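Subject: Structure handover

Hello,

Here is the structure for you to take over. Please open it first, then read the notes below.

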Amino acid sequence: MKKRWWKECVVYQIYPRSFCDSNGDGIGDIRGITSKLDYLRELGIDVIWLSPVYQSPNDDNGYDISDYQAIMEEFGTMEDFDEMLAAAHARGIRLVMDLVVNHTSDEHAWFVESRKSLDNPYRDYYIWRPGKDGGAPNNWGSCFSGPAWEYDETTDMYYLHLFSKKQPDLNWDNPAVRDEVFRMMNWWIDKGVDGFRMDVISLISKKPDLPDGVPGINGYAGIDEVANGPHVHEYLQEMRRRVLNRTETITVGECSGVTLEEAKKYADSSETELNMVFQFEHMRVDSGENSKWSDRKADLRDLKEILSRWQKGLEDVAWNSLYWENHDQPRSVSRFGDDGECREVSAKMLATCLYMMQGTPYIYQGQELGMTNVPFESIEDFRDLESINAYHELTGSGVFTKEEMMRYLRYKSRDNARTPFQWNAEENAGFTTGKPWIMVNPNYREINAGEQMCRGTSVFHYFRNLIRLRKENEVIIYGTYDLLLPESKEIYAYTRTLGEEKLLVVCNFTAREVSFDVPEEFLKGRILAGNYKDAKAGKDMVLRAYEAVVVKKQKS
Ligand code: TEU
Ligand code: CA
């Protein structure tokens with residue numbers, strides 16, 4: 001197992017629009033982030049993954065980029081960015097940019113040119129096709145509802161957009177596109193950034209004949225038909241040679257549709273492509289029949305099967321990322337824990353369960369406070385185009401009633417993760433002095449960073465302790481993983497082993513008391529972490545509601 005700094009670090013994701021507003025316009029910004037770097041140093045994280053801050057018309061909150069080398073006006077200036085980068089580095093915190101190059105905004109200069117004429121030099125920067133049988137070239141659907149093709153009458157052709165029609169897909173088979181992307185990446189590395197999170201990077205290579213896929217609940221085929229295309233690994237190996245090898249960068253590919261076998265190519269230990277990937281199997285464990293729109297609760301046995309398969313599958317051959325949350329997912333304490341009376345203890349349990357595994361931990365802003373899903377009252381409360389479009393498409397076509405869809409949105413909408421960070425109990429949770437761009441979760445008076453930093457038993461201090469524990473125990477970073485009690489619906493238990501060192505991690509995923517037989521070798525073990533103050537790992541151990549314990553075997 002090669003030791004690497006990016007295997008030993010902890011990453012914190014900032015969604016800039018909702019993190020901290022410094023100028024009272026109700027929108028988070030770069031100077032707001034700079035003002036909160038000491039908070040992040042206190043938490044103990046090593047790397048910031050910054051969601052896009054590039055120039056954008058904000059159709060998809062910055063994941064639709066119109067200039068990769070300019071800062072979105074609402075977020076500030078390039079000087080603000082340079083100041084933030086220097087301030088982060090001065091605190092020993094690295095910065096990872098969000099690389100969104102499967103598509104650009106339709107307002108990017110390349111696309112403005114491309115759509116002008118068939119022989120425009122930029123025409124083949126994008127994916128244009130003639131219609132078929134009077135309609136779109138194939139049955140692919142957009143992730144944001146409707147078809148993945150938009151008719152453009154200027155040249156009487158359709159262009160592909162796997163996301164919104166304002167996010168036309170780039171044609172990665174065109175070497176000029178790859179040259180542009182690699183040049184831009186090198187420009188950011190020259191500025192001192194330390195790596196990239198790569199948006200939907202598994203989708204950049206499309207099968208040349210763009211074949212129809214299997215229709216979903218809205219009649220269109222999903223993006224998994226496009227994932228892991230014929231040249232994706234070739235293009236990433238080229239990226240590694242032309243950009244990533246020049247400095248010790250950290251790279252993580254967001255790989256919708258990735259399988260364990262594919263992940264061994266994207267993130268293999270020969271380091272010819274990326275360091276790690278975000279897989280989605282554990283994020284689909286509570287999906288509905290054909291889509292994420294469901295309020296089904298996950299079965300712990302499914303979660304254990306998935307996470308264990310990825311732990312064992314990548315062991316010694318690649319590297320895992322470890323995440324419950326990001327800006328696209330609902331809050332994990334509401335999804336996999338309990339956001340009622342057991343909120344804090346279950347937030348701590350979920351962190352223990354995941355971050356004691358092998359892989360690089362990713363913490364999403366507010367997860368370290370146990371921030372919860374949001375009691376959205378009506379569709380007008382939502383801002384995310386995925387949620388709003390799905391609501392109109394799926395209720396309009398009768399797939400779901402409005403009541404069903406509102407229930408599913410409250411449980412799964414991406415906006416659950418995008419309400420303002422809760423800094424304190426003052427108006428708007430201390431996020432802004434203006435009118436926030438999206439509602440603040442009403443529970444900010446009880447759940448906020450200010451209160452938790454002053455309370456040693458808070459979720460914040462528990463996360464801080466887990467981060468410290470990882471740094472002090474190599475067995476957590478490099479040890480092998482072995483699942484215990486695979487059939488238990490209540491307990492997630494596993495061991496980590498590195499030479500003589502051995503840990504036991506036990507988590508009760510229910511509000512009920514559950515008995516657990518502590519393996520003999522841990523009976524006299526030392527408690528390294530626990531979300532109840534008087535945890536002990538004795539014979540006939542009884543795990544309390546959402547109790548989590550980490551026990552270190554004592555050398556005999
Ligand atoms: O997300 C890609 C992706 O797979 C999402 O469609 C995600 O699976 C879905 O939203 C879960 O419901 C990336 C970005 O993270 C997302 O914010 C962007 O909207 C999308 O790509 C397009 O850039
Ligand atoms: Ca602002």
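A cavity is a set of points, on a 1 Å grid over the protein atoms alone, where a 1.4 Å probe fits but cannot get out. A pocket is an open set with protein on both sides within 12 Å along at least five of seven lines. Lining residues have an atom within 4 Å of a point. Grid points are joined across faces, edges and corners, and a volume is the space filled by probe spheres set on the points.

This is a predicted model: local features need pLDDT of at least 70, side-chain atom pairs need 80 or more, and totals for chains, interfaces and linings use all residues. Residues are numbered from 1 along each chain as written, chains are lettered from A and ligands numbered from 1 in written order, and side-chain values use heavy atoms, without hydrogens and water.

Cavities

By this rule there are five cavities of 30 Å³ or more. The largest cavity has a volume of about 100 Å³. Its lining includes Val277, His282, Trp310 and Tyr323. Seven lining residues are nonpolar (Ala, Val, Leu, Ile, Met, Phe, Trp, Tyr, Cys and Pro), five are polar and none is charged (Asp, Glu, Lys and Arg); polar takes in the others, Gly among them. Helix α9 gives the largest share of this lining, three residues. Helices (H or I, at least four residues) and strands (E, at least two) are DSSP runs, numbered from the N terminus.

The largest pocket

About 1200 Å³ of space lies in the largest pocket. It is lined by 48 residues, and Cys143, Ile223, Arg284, Lys292 and Glu386 are the closest to its centre. The lining divides into 17 nonpolar, 15 polar and 16 charged residues. Helix α12 (residues 385-396) supplies the largest share, four residues.

Ligand 1

Ligand 1 takes up the space of the largest pocket (more than half of its atoms lie within 2 Å of the grid points). There are 19 residues around ligand 1 (a heavy atom within 4 Å), and Asp60, Asp199, Lys292, His327 and Asp328 come nearest.

His103 has a side-chain N or O atom 3.0 Å from an oxygen atom of ligand 1. For His327, the distance from a polar side-chain atom to a ligand 1 oxygen is 2.9 Å. For Arg414, that distance is 2.9 Å. Taken alone, ligand 1 exposes 500 Å² (Shrake-Rupley method, 1.4 Å probe), and the protein buries 95% of that.

Best wishes

Conventions:
A polar contact is a pair of N or O atoms within 3.5 Å; within protein, one must be able to donate a hydrogen and the other to accept it, and residues adjacent in sequence count only if both atoms are side-chain atoms.
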